Amino acid sequence: MINETNTSFIFCRFSLKTSPYCFQAKNKFQLVGAAAMMIATKMEEYYPIDAKEWSYLTSDTFTPQQVLKMEQVVLKVLRFRMQTPTINGFIQQLAVEYKMDEKTQHLAMYIAELVLLEGDDYLTHFPSKLASACIALARYTLLKRITWPKKLKKASGYSLKELSPVVKRQHKTLKDSPLKQQQAVQTKYKSPKFSRVALTKPRLIIMEDFNID
């Protein structure tokens, strides 16, 4: 069973980097996904899912041998550079450095997972910038006195003005989340374990508040 949030982020990074090399074989996208997730679970989980089980999860569309062969392809495309930066990793790092309260951290994580579901809209931004914007939007939503303190600006390397276009897009993602057909992430973050942040109503965003260097 996959429990770690970071596994999903690593899987997305691996899939996005590998998929362009398989664009001529559309029927292989599912195979790429299975292989990428298998690698991610090996990195993050205590009990990773093996090739035989991934074959079963694809309704036996692919054999275990095909999954293992695609795993080799993914690793070659990645050049065995496995420690990829993720949005969640940056959020965790900034949370520790700033001694962030739990609810703010959970809301930032929730926004980050919603961002994953709309990957194409965010592909041009670095994970560090997306993570910083998630935290800024979380703090703004929770009415923190200062949306982007100097310590966070220094730790992240981004000013609030630089983050404002991403924050604006993420705000729409957050606002539209209850209307999405897929509600697994929303359900997850409605639980007490994650401070019920999915029940938090987004504020009306005033972009002038973000035009600060």
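## A cluster of rings

Let us begin with three aromatic residues: Tyr-110, Tyr-189 and Phe-194 are linked into a cluster by ring pairs. Keep in mind as you look that this is a predicted model. How many aromatic pairs does a search of the whole structure find? The search gives 2.

A pair of aromatic rings is described by the distance of the centres and the angle of the planes. For Tyr-110 and Tyr-189, the centres are 5.2 Å apart and the planes make an angle of 40 degrees, a tilted pair. This pair joins distant parts of the chain, since Tyr-110 belongs to helix α6 while Tyr-189 is in the segment after α10, 79 residues apart. Tyr-189 also pairs with Phe-194: here the centres lie 4.6 Å apart with the planes at 45 degrees, so this pair is tilted. Are these residues buried or exposed? Tyr-110 and Tyr-189 are buried, and Phe-194 is buried as well.

Leaving aside neighbours within four places in sequence, Val-167 is in contact with Ala-133, Ala-136, Leu-137, Ile-205 and Phe-210.

Next, look at α6 and α9. Their axes are 10 Å apart, and the helices pack at an angle of about 90 degrees. The two are therefore roughly perpendicular to each other. On the α6 side, the contact is made by Tyr-110, Ile-111, Leu-114 and Val-115. On the α9 side, Gln-170, Thr-173 and Leu-174 take part.

## A charge over a ring

Which residue has its charged end over the ring of Tyr-140? That residue is Arg-203, whose charged end sits 3.9 Å from the centre of the ring.

## Positive phi angles

Now for a detail of the backbone. Ser-59 is not a glycine, yet it has a positive phi of about 60 degrees. You can find Ser-59 in the loop between α3 (51–57) and α4 (64–77). Why does Ser-59 count as exposed? Its relative accessible area is 62%, and exposed means over 50%.

Arg-196 is another residue other than glycine with a positive phi, this time near 55 degrees. Look for Arg-196 in the segment after α10 (184–188). With a relative accessibility of 43%, Arg-196 counts as partly exposed, because that term covers values between the buried limit of 20% and the exposed limit of 50%.

## A last stop on α4

Finally, find Gln-65 in helix α4. Gln-65 is exposed, with a relative accessible area of 57%. How far along the chain is Lys-52 from Gln-65? The two are 13 residues apart along the chain, and their C-alpha atoms are separated by 8.4 Å.

Notes:
Residues numbered from 1 in each chain as written. Predicted model: local features only at pLDDT ≥ 70, side-chain atom pairs only at ≥ 80, totals over all residues. Heavy atoms only, no water. Helix = DSSP H or I, 4+ residues; strand = E, 2+ residues; numbered from the N terminus. Buried < 20%, exposed > 50% of the residue type's maximum accessible area, 1.4 Å probe, protein only. Contact = heavy atoms within 4.5 Å. Phe/Tyr/Trp six-rings, centres within 6.5 Å; stacked < 30°, edge-to-face > 60°. Lys NZ or Arg CZ within 6 Å of the ring centre and 35° of its normal. Axes fitted to C-alpha atoms, helices over the stretch in contact; angles between N-to-C directions. Parallel < 35°, antiparallel > 145°, perpendicular 65-115°, else oblique.
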